[in-house]
Each structure stands twice: as structure tokens, then as C-alpha cells.
Amino acid sequence: MNLMTIHSRFPDQEACIEHLERVRWGDEPWCPLCGCLNVKPKADGDRVGRWNCHDCKSSFNVLSGTIFEKTRIELPYWFMAIGLIVNAKKSLSSCQLARDLDITQQSAHYMQIRIRAAMATEQLPMLQGIIEADETYIGGRPRKGNKRKDDKPRPRGRGTDKTPVIGVVERGGKVVAQVANKVNGKRILKFVKSAVDPTGSLLITDEFKAYRAVRPLMSHAVIKHRKQYVDGLTHTNTIEGFWSLLKRAWYGSHHHYGDRFMPLYVAEACWKYNHRKSDNAFGDFIGECFA
């Protein structure tokens, strides 16, 4: 759903509340605090969408327990922010979002953090089939010197102070990736167990020795990048393509990831990749907010 469609369908708070109530409750509203159905709309002046629960005696609205709860930013801004973020293939900086919505950078950053946190909670089925696994390293490059002879070689990969990210992707399917404190056999095995169904699956990796830890768990094939990048069906080009999207967001939009929020940026990249074939990523995200 593009931005113009979002703006025309949800021009005000009332339209947004009505849509969220339809997504969350359908024709049967219930109390998100106690779960009962004995609820009635509440007449509350200018406040839209308030309900009373006659069992637990509480007052609530459809936003309770979601990323929109207790926000002072009106929902049309949230809806447009979601539309902009899910449609930005290489992500979106908080400064750019602030300019697009005519809000402060602090408000834009607050909204992005909540939206990315919701993306991070997406529940995926275990990956199965031909699975590619790899690791990448996110971090800055040294500033160039004034003279060419002052340029330092740019450090790459293992052995640098860049932040490692490990990931697995199912051929033609979903991707799972997460920030890792270290990349060794024990850590890789734990991650693969959490994301991949070993039954009937084949894990394809490069020649990094730490991946040998998965061999007691599942079949393992290796592509030796020192010799070639593709050997029939044996390659890691799919996961490499995902890393390129993650790094393009870092290079082009964000330039720096703090340790606190970096898992959320990775979660955003995963969510967008996993919904790349959807015709309505906006609707997918709104629905997952109430899953």
C-alpha cells in the first residue's frame, strides 16, 4: 500500500481507530485486559474509541498492549510512518522520516524504535529444505587521509572490531538473522537449532571451520570460495544477497548502528525480506501488531 492510499483511507484518528478495531476484534470486541466480551462503548468527550469492561471494571481502547499504546502522536502519522518504513527497501533514517511527516527527529526515532521492535517479534516457522548460512560484519571504515599514501587498508571480517551478524536463509523462503557476540561453533550450532528444522534439510556454508559444529545435527555442504562461488546448487549467493540489503541500509541511510539498537535494524531488514513478495506489507504489519 503506497503513501497516497494510506492517506486517503486513514485521514484522521477516527478512521484509524475504526480500522484497528476491525483488524483486532472484527465484529466482536473484547477486553484486552481480562478477555471478556461484556464490553460497551464509552462516551468520553473528544476521546475516540474508548470502551468499558463490565467484568473487570476497566477502561480501554483498541491500542492497549500494542506499539500504539499511550502514544501522543496521532495515528495517521503512525500509519504513514509504517507505510514509509515498510516500503523503503534500504531503510529510512529518523531525520528523513521527520522531514517527510513534518515532526521532530526525536518523535520520528521513537516511532521507528517501536515499529522495528514489533518487526523483531515476528514468529516464523522453522526453516527447512536447502538452507544457506553465513556471517557478516557491520561497522565503519577508516577515514581517508589527505594523501593517498596516508590511506589505511580497510579492515574486513573476522578479527576486526566490527559487529558480527549471523544468518540463515531458506532457498526461495524466509531469512533469520541476529547479532552475535562471537562467531564460533557453539554459537552457530545454537543459532541453527533455533531457526532450522534439520529433518530433510541441507545446510550450505563457506569453508569457515566453525560451521562443522552442525554436522551431527544435519547434512552439511561446503562451497570453497577460494576456488569458486557456485558449484551447481552449492552456493551461498542467497544469503549474500540479503547481506547486501542489510549493508546498503547501513551505508546509505544510517551510517552507524549503536549496540543497543542494532538488533532492531537487523530485525527490520529480515522483516522486509520475508515480506518481499507481499502486495500489502502495510496490512501485514498492522495485522501482526495484534497477533
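Me: Which word describes Arg 116 and Glu 268, buried or exposed?
Reply: In this predicted model, Arg 116 and Glu 268 are both buried. That word is used for a relative accessible area under 20%.

Me: How do you know that Arg 116 and Glu 268 form a salt bridge?
Reply: Good one to check! The cut-off is 4 Å between a side-chain nitrogen of Lys or Arg and a carboxyl oxygen of Asp or Glu. For Arg 116 and Glu 268 the N to O distance is 2.7 Å, so the pair counts as a salt bridge. The two partners are 152 residues apart, with Arg 116 in helix α5 and Glu 268 in helix α8.

Me: Why is Glu 18 called partly exposed?
Reply: Its relative accessible area is 48%. Exposed would need over 50%, and buried means under 20%, so a value in between is called partly exposed. Its salt-bridge partner is Arg 22, with the closest N and O atoms 3.8 Å apart. Arg 22 is also partly exposed, at 45%.

Me: What makes Arg 226 exposed?
Reply: Arg 226 has a relative accessible area of 73%, and exposed means over 50%. Its side chain meets that of Glu 207 in a salt bridge, at 3.4 Å from N to O. Glu 207, at 24%, is partly exposed.

Note on methods:
Residues numbered from 1 in each chain as written. Predicted model: local features only at pLDDT ≥ 70, side-chain atom pairs only at ≥ 80, totals over all residues. Heavy atoms only, no water. Buried < 20%, exposed > 50% of the residue type's maximum accessible area, 1.4 Å probe, protein only. Helix = DSSP H or I, 4+ residues; strand = E, 2+ residues; numbered from the N terminus.
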